[in-house]
Amino acid sequence: MPVPGAGEEDQMAPVTRPARAPWERTVVAAVYLVGAGVHVGIVASDPTTYAPFAGDALFGFVRTGWRDVFMDDPRLWGLQLAAGEALLGVLLLIGGRVAAVGWAGVLGFHVLLLLFGLWAWWYAVPALAVLTVLAARDRGWRLG
């Protein structure tokens, strides 16, 4: 039934729903948001838990930087780490061009993990392979 006073184009306009984030971004964003929560929990409970993290770092400057900078105020730096991970998760959820910044941050985060020792390579190298494929699918990039 026509609505009085409404033009034909108003009556025929389809109902549009906001686009949902692709599952790739949603899953990775969730992991980063949970990771942010984990860091808040570590800071709240015992920030000295961070102390051995860089013990097997590949370069001396990473070990000394961790000890002299991060462990000088692990509450501050742990919360900064949490904020950074939360930001990356939110950027991925926002989508669009902003998601590209989120993906770059996620990939960069994992590249930096490689500096913390060979133990990190067991996680970060496969994670980088998976995250690169997910980012490419999300952004419409062609790999290879």
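User: Buried means under 20% relative accessible area, exposed over 50%, and partly exposed in between (1.4 Å probe, protein chains only). So which is D138, buried or exposed?

Analyst: D138 is buried, with a relative accessible area of 15%. Keep in mind that this is a predicted model, where local features need pLDDT of at least 70, side-chain atom pairs count only at pLDDT 80 or more, and totals for chains, interfaces and linings use all residues. Residues are numbered from 1 along each chain as its sequence is written, and side-chain values use heavy atoms, leaving out hydrogens and water.

User: Got it. What does D138 pair with?

Analyst: Its partner is R25, in a salt bridge whose closest N and O atoms are 2.9 Å apart. A salt bridge here is a side-chain nitrogen of Lys or Arg within 4 Å of a carboxyl oxygen of Asp or Glu. D138 sits in helix α6 and R25 in helix α2, so the pair ties together parts 113 residues apart in sequence. Helices are DSSP runs (H or I, at least four residues), numbered from the N terminus.

User: And R25, buried or exposed?

Analyst: R25 is buried, at 9% relative accessible area.

User: How many salt bridges are there by this rule?

Analyst: The count comes to 3. Another one joins R137 to E24, with 2.7 Å between the closest N and O atoms. That pair also links distant parts of the chain: R137 belongs to helix α6 (residues 118-139) and E24 to helix α2 (residues 23-45), 113 residues apart.

User: Which of those two is buried and which is exposed?

Analyst: E24 is buried, with 5% relative accessible area, whereas R137 is exposed at 52%.

User: Which residues make a salt bridge at 3.0 Å?

Analyst: R67 and D68, whose side chains meet at that N to O distance, 3.0 Å. R67 is exposed, with a relative accessible area of 51%, while D68 counts as partly exposed at 46%.

User: New topic, the largest pocket. What lies nearest its centre?

Analyst: F53, L81, E85, F109 and L113 do, out of 36 lining residues. A pocket is an open set of points, on a 1 Å grid over the protein atoms alone, where a 1.4 Å probe fits, with protein on both sides within 12 Å along at least five of seven lines; lining residues have an atom within 4 Å of a point.

User: Which helices supply at least two residues of that lining?

Analyst: α2, α3 (60-70), α4 (74-94), α5 (96-113) and α6 each do.
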